[in-house]
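Welcome! Take a look at the sequence and the 3D view, then read on.

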Amino acid sequence: MKKLAAGFLAGAVLMIGTQAIGASTSLVGKTIQAEYTVNVYGKKLAVPAIVIDGKSYAPVRAIGELAGYKVSLSGKTISLDEKEAAALPSLADRNAGITMGPVPTLTPDSAAAVTKGKIKAIDSKIDDVVDNILSTSSKLKADPDSGDLKDKLEQYKAEYADLLQQKDAELQK
């Protein structure tokens, strides 16, 4: 009888301890204490970050996709994976039909000014594309089954990646 009572008591203690641990690690049912605006590349994200028990939680999908990751949900696991790089046209394809005229002579100062101007123009295009990505992502949340919106979002992300490559190339000069 003592063994039965000891076993019952040990089981009850383990069960209560396990429930207490499980309850303390889950955020389900907890109250959101605050919402914060999230800025990515200087642009306001449509989805706010939240604060629960003094810790902030950011919207993984919105930030991950904007950063160029493929975000997926499988069961209770969120995965951020690299997107496969799109095939870029060959140099011959890009230069087909282009004829070269006389090349102007640039001084170091004028070359630097040209590079700064190109970078500024690329930055402006990047800002526009980021706005388009954020806007399309927000619209896609309202209509997640829209193939047109998904296609637009992929085009904007590809354009964003291309602009980043262009900027990197200019910075390397």
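Helices here are DSSP runs of H or I with at least four residues, numbered from the N terminus. With that in hand, please keep in mind that this is a predicted model. The tour below visits a cavity, a surface patch and a hairpin.

**The cavity**
- The structure holds one cavity of 30 Å³ or more.
- The volume of the largest cavity is about 40 Å³.
- Helix α4 (residues 108-142) gives the most to the lining of this largest cavity, contributing four residues.
- Among the residues that line the largest cavity are Leu134, Ser137, Ser138 and Lys141.
- Leu45, Ala46, Val47 and Ala62 also belong to the lining of the largest cavity.

**The nonpolar surface patch**
- On the surface, a nonpolar patch is formed by Val60, Tyr69, Leu73, Ile78 and Leu80, and together they have about 460 Å² of accessible area.
- Strands β6 (69-74) and β7 (77-82) each supply at least two residues of this nonpolar patch.
- Val60, another patch member, lies in helix α2 (residues 60-66).
- Is Val60 buried, partly exposed or exposed? Its relative accessibility is 37%, so Val60 counts as partly exposed, since that class runs between 20% and 50%.

**The hairpin**
- β6 and β7 run antiparallel and are joined by six bridges.
- One of the pairings links Ser74 with its bridge partner Thr77 in β7.
- Two residues sit between the strands of this β6–β7 hairpin, and Gly75 in the turn has a positive phi of about 65 degrees.

Notes. Residues numbered from 1 in each chain as written. Predicted model: local features only at pLDDT ≥ 70, side-chain atom pairs only at ≥ 80, totals over all residues. Heavy atoms only, no water. Patch = residues over 30% accessible without salt bridge, like charges linked within 9 Å, V, L, I, M, F, W, Y side chains within 5 Å. Areas by Shrake-Rupley, 256 points an atom, 1.4 Å probe, with all protein chains shown as cover. Salt bridge = Lys/Arg side-chain N within 4 Å of Asp/Glu carboxyl O. Buried < 20%, exposed > 50% of the residue type's maximum accessible area, 1.4 Å probe, protein only. Pairing = 2+ DSSP bridges. 1 Å grid on protein atoms, 1.4 Å probe; cavity = no way out; pocket = protein on both sides within 12 Å on 5 of 7 lines; lining within 4 Å. Points joined across faces, edges and corners; volume = space filled by probe spheres on them.
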